[in-house]
Amino acid sequence: MALPVEEWQLCAARCWAALDPALRERLAAASLHDTVRLGCGLLRPEVEAVVLQRLCRRARAGKEPAAARFYREEGNRLFGRRQYGAAVRLYSQAASHELPGSSEVSLCFANRSAALFYLGCFEVCLEDIARAESHGYPERLLPKVLLRKAECLLCLGRSQEAADALSVAESKIAMDGIMTSPTYQTLLEKLSQLKVRIHEKEGCPEPAREACGDTQKESEIWEENDSISGASSSLSLSFDTERGRHLVASHDILPGQSLLKEEAFVSVLCPGESRLLQDNSETVWDTRATNADLYCHRCLRQLLVSVPCCGCSYAKYCSQKCADMAWGQYHRTECSLGSLLLTLGVFCHVALRTVLLAGFAEVRRLVEWSHDGDKDLHNPEARYKHLSEAADTRAGTRNIPGCNNNGQYQSSYQAVFNLLPHAEKHSPEHKFLCMLSVVAICKQLQEAGLEAAALNQEPSEKLSKPKTCEKTSDELSPELKTMAEAMLRHVLQLHCNAQAITVMQEAGSRDGAVVKKKPVRLATAFFPVLSLLNHSCWPNISVSFSGTVVTVRASQPIPSGQEVLHCYGPHRCRMRVAERQQLLRQYFFECRCQACLEELESDVKSVVAVRNSFCCPSCRAPMQGEDMLCCSNEACAVSVSRESLSHRLQDLQQQIKNALELLRARKADQAIKMLQKCQMDAGNLLSPEHLLMGEMEDHLAQVYATLGKWQEAARHLQRSIEIVEVHHGPSSVEIGHELFKLAQILFNGFAVSEALSTIQRAEEILSVHCGPQSTQIQELQEMKTCLLELPRSILQRT
């Protein structure tokens, strides 16, 4: 949710409509500085502030012991059903809701360690046992977790440590006063069994300990640009009036070549819709997992277990190190604002975190510097003309916005600050909503006593300053007004410069032999260097993410002197030119890329329109027209309304959803019959190359794979690949993902030669788009290694 919740948008709209017309006119024409100055008093305590408080109660982010009990009991229930992965997640939820210092949190960690043990995650299990002990796990229960600790160490081959842990456990058991209890007898039996296992291990050499963290991967060949941080030396920064700042190839670039690796200046996890509750809702705890539960809130690493924030229930981390770093950098300020930030949306959250990471001194320096240029706010073309004339020489790059005095463009706050906010192009109502939202955050900082933390000052520093003026309750300090102005700038910038960090997330159950993945928006970020890339509906690069790091690779040859172009979303293979132009209006430009010009300047229908067209129900020829469609075959006189065919298409899509529900309910035979019927109905309605035809083939492949009918699955998936290739091209990332699925099917079906050739093709394509170290490439290489290690006699037969 990038923007605030709908109710707050409506409240801001009512506030705007109630303003005096003269004030509305002043606000509409005001600079960012004057907008904040004029608007600070418009957040009325008795109206807007009350609405905001009510909305914040729906986005619970505080500690709730009742919720902790609920999640722990749900975890226990799933643990009893041997659903250990789901139990781990619920125990994590429980831990996040326990109050600081509560010994109850130790029960969450101990229970989670048990589930981790059954999942075979022994190292992580040991970490949770240590957490349980450090948080005051009850003495009477310690023998059980100590025996689990010894068994974990034994499974890891660390027999001496296991023996030491067992000795401690034995002494604890001996101290138990009820010697005849069933629990005591069970512990003794377990202790005896572990002693035997340790004795059997004695004398065996312990395995070498693996290094903690990610293994060091072989880095790609990389020569960094001396002027643009994180960029390849094959790029150069250019500037002109029409295109603004942009990157150009300074050498010929080959497909797959890395062009940019950049760490996000700031990123904020997108929370997920289920976190927002309805007013007066009795059922307030949701067991469904969202991004907020599955990924580290700082580094965006996928979580197996989470380390909760000590102050709120929302923020979760992959390690105590990440939790401590987040706290020091920004979370000590954000922690108590969780509900407010969830209500006001990700853009406001990114804006706040940006100024916190930059530090108030740098924020104030650049805000004050910007006041000298406010006269250019409504006429940026005049400034661009001057800059483009200066940028013709090496020294002129110093004048390009965002560059430092040495002419270097770095991934810094200065570069972020100089991204265009397009303040003159946003509607006055939208600018007012953004202003009211950032003022609400700053007021909350002031009222909660967080101003010193937000300004990177110690409370003592603040107290030692002489008071120059008395502030009323509805007045912000000068420092917070500066923060509000910078935040307003960043919220407006995000409208055109926000970058979605995406991950390939598994769709559906993990139980199947074939893993289906889809791209999911994980976070919103500022990447100053990546933002230099202009849009094209036919881009020449691919973008991939690893945590908070973006990597840009050439997806096709880029000759020297050609601009490097990114796709902001609307792609020529996915939608028609009219749809693309409509979506791109949010960026305040009219796309004139090669793909758009070709479609706009010719009478030929777009490729997307032709391939995704309706066909004649009588002769299967393409249908033509707008509201009333006629068969393109002159010998056929069939005509039908577009509305009628659209209704049939909607019914078809619903039937496909029903078939997938049957598959999830493990009714594969019924799902096959329904999908086959959908195929027959679609054949009388859609062109053979319609993407929905390919989706049905993909679904049928999925069903047959669940049944272990690998040949049938491969046949349907190959047909799906043919349709995807028609739409996206033989070297597209979409084809790479489809080939990855086909490789899994052929691998599981023991079709060795076909699997090896498919793996090779998938590797070639995915290496270009995602890089040789991507997860999918690693999995393909593992499959290839496994197949090549088969006996020669088997390879010859297959």
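Both Arg112 and Asp128 are buried, a term for residues with under 20% relative accessible area, whereas exposed means over 50% and partly exposed lies in between (1.4 Å probe, protein chains only). Arg112 and Asp128 form a salt bridge, with their closest N and O atoms 2.5 Å apart; a salt bridge is defined as a side-chain nitrogen of Lys or Arg within 4 Å of a carboxyl oxygen of Asp or Glu. Arg112 belongs to helix α7 (residues 104–118) and Asp128 to helix α8 (residues 122–134), so the pair ties together parts that are 16 residues apart in sequence. Helices (H or I, at least four residues) are DSSP runs, numbered from the N terminus.

The model is predicted: local features need pLDDT of at least 70, side-chain atom pairs count only at pLDDT 80 or more, and totals for chains, interfaces and linings use all residues. Residues are numbered from 1 along each chain as its sequence is written, and side-chain values use heavy atoms, with hydrogens and water left out.

By the salt-bridge rule, the count comes to 28. Another of these pairs is Arg353 with Glu334, at 2.8 Å from N to O. Arg353 lies in helix α15 (residues 346–358) and Glu334 in helix α13 (residues 320–334), so this contact ties together parts that are 19 residues apart in sequence. Both Arg353 and Glu334 are buried.

A salt bridge also links Glu725 and Arg761 (3.3 Å, N to O). Because Glu725 lies in helix α29 (residues 710–728) and Arg761 in helix α31 (residues 752–770), the pair ties together parts that are 36 residues apart in sequence. Glu725 counts as partly exposed at 29% relative accessibility, and Arg761 counts as partly exposed at 30%. Elsewhere, salt bridges that share partners join Arg112, Glu127, Asp128 and Arg131 into one network.

Note on methods:
Helices (H or I, at least four residues) and strands (E, at least two) are DSSP runs, numbered from the N terminus.
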